[in-house]
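Work through the exercises below with the sequence and the model in view. Try each task before reading its solution.

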Amino acid sequence: MFLNRHSENLLAELRARLPQRLPPKLGVAVSGGGDSVALMHLLHQVAQNEEIALFVATVDHGLRPDAAQEAVTVSRQAAALGLPHDILHWAGWDGSGNVQDEARKARYSLLAGWAQQRGIDAIALGHTADDQAETFLMRLGRSSGVTGLSGMSASRQWEGVTLLRPMLGITRKDLRTYLTGIGATWVEDPSNQDPRFDRIKAREAVSGLKPLGIDALSLSRVAENLAQAHAALGVFAQESARNVAQLEQSDVKVDRAGFAALPKEIRRRVLLGCLAWIAGQGYPPRQAAVEQAMKAIIDGRAGSLSGCLLVPEGMSVWICREFKAVEARVSAPDEVWDGKWVLTGPEISGAEIRALGEDGLRQVAEWRETGRPRLALSATPAVWKGGVVLAAPLAGFANGWHADTMPEWPEFHASFLSH
């Protein structure tokens, strides 16, 4: 009776954190560890109850000799449940950088590619309340603010696929109790015991907090509370941006006085939202650099940050793409340039898309009529044939060409909700 009730509670907690309406095809990433194996079994029940198709994938990073056999074991477990299973191989690590971070990014990219091939819109991941608690402590050690301490999100986009984390309210202990009760087996990754990794140190720290009444579940709930505060600040930042930041083609014009009047945290979010819309989401700039840039906007001084320039003009500051960040980027017409822009127009043999630059500006007299700074226009995409500019739509010289952001690029004011 206890096991049945325990299973029902886990299933209810997991289902409450999934979208109300699930897609007809749902993927699940299963490594063979206890968390993901439990997720597969629980989602199998959900899939049967709601008549959706469940697909399983295992990523073999090739970093441990046992990984290949573990993937085969998952394949057998999936087959026993009547679920299709694929093994995805990573062979891209060159030995540089943080291996765990590189493996994580590669894992998500492989899973996203697999999902797109299978016509799957969403993939469930096996992160638990313990993972959330460890993430919270690691970010606490880095003096993170509300954004960082919000922890892992329950849902996020990765290369066009939705990643779901429906077990952030469930502990590893509860999942292993469930697996034992249904007679399922799992493997333990030896790296989960390696004290060289920060996550393992955080895991040990969580255990040490128990005398204070702090455990993985309580820390996970704190992260969830902060996530709600983070979302509320995002809405405030979005509304503030509507008042102080004006979109001008590929640039953003910020009112200095209005920006200065905002609370500091909202100023930070407005600035990061502008940078994200102009240059794309990447690793956020260091706090000290953001502080300097915010002060430069208020003071009306020039500056640069994350591949963007701050160009003062009277009581405003333009935020625009930096020419140095794009001068080497070349694409064909109809292809994406700088990860964002697509230029379309007449078919011209030998035409290519490059940044306008100073050489191009000298050929485009119309740029002065745009009212935008020279520095801003120099980083906009133009159609070149050899050394001749055929068109520069964002600089006032269309000549039959159009410049549009790629369909996946967020609407300007939506950028502020992610910071």
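**Exercise 1. A pair of strands**

In which sense do strand 14 and strand 15 pair, and over how many bridges?

Solution. The model is a predicted one.
Step 1. Find strand 15 at residues 381-385.
Step 2. Follow its pairing with strand 14, which is antiparallel and runs over four bridges.

**Exercise 2. The whole chain**

Describe the chain by its secondary structure, span, burial and contacts.

Solution. 
Step 1. The secondary structure amounts to 15 helices and 17 strands.
Step 2. The C-alpha trace spans about 80 × 50 × 40 Å along its principal axes.
Step 3. The chain has 419 residues, and 47% of them count as buried.
Step 4. Take the contacts with a separation of 6 or more: 69% of these join residues 24 or more positions apart.

**Exercise 3. Ala403**

Is Ala403 buried or exposed, and which residues does it contact?

Solution. 
Step 1. Locate Ala403 in strand 17, which covers residues 402-405.
Step 2. Ala403 counts as buried because its relative accessibility is 17%, and the cut-off for buried is under 20%.
Step 3. Set aside the neighbours within four places in sequence; Ala403 is then in contact with Trp341, Val342, Leu343, Pro393 and Leu394.
Step 4. Compare sequence with space: Ala403 and Ser250 are 153 residues apart in sequence, and their C-alpha atoms are 9.8 Å apart.

**Exercise 4. The largest cavity**

Solution. 
Step 1. The count of cavities of 30 Å³ or more is one.
Step 2. The largest cavity holds about 80 Å³ of space.
Step 3. Sorted by kind, the lining has six nonpolar, two polar and four charged residues.

**Exercise 5. The second largest pocket**

Which helices each supply at least two residues of the lining of the second largest pocket?

Solution. 
Step 1. The second largest pocket has about 310 Å³ of space.
Step 2. It is lined by 14 residues, and those nearest its centre are Asp130, Lys173, Ser207, Lys210 and Ala216.
Step 3. The helices that each supply at least two lining residues are helix 5 (129-141), helix 7 (172-182), helix 8 (198-208) and helix 9 (216-244).
Step 4. By kind, this lining divides into eight charged, four nonpolar and two polar residues.

**Exercise 6. His413**

Where is His413 found, and why does it count as buried?

Solution. 
Step 1. His413 lies in the segment after strand 17.
Step 2. Its relative accessibility is 14%, so His413 counts as buried.
Step 3. Not counting residues up to four places away in sequence, His413 touches Gln238, Ala241, Arg242 and Ala245.

Conventions: Residues numbered from 1 in each chain as written. Predicted model: local features only at pLDDT ≥ 70, side-chain atom pairs only at ≥ 80, totals over all residues. Heavy atoms only, no water. 1 Å grid on protein atoms, 1.4 Å probe; cavity = no way out; pocket = protein on both sides within 12 Å on 5 of 7 lines; lining within 4 Å. Points joined across faces, edges and corners; volume = space filled by probe spheres on them. Nonpolar A, V, L, I, M, F, W, Y, C, P; charged D, E, K, R; others polar. Buried < 20%, exposed > 50% of the residue type's maximum accessible area, 1.4 Å probe, protein only. Contact = heavy atoms within 4.5 Å. Pairing = 2+ DSSP bridges.
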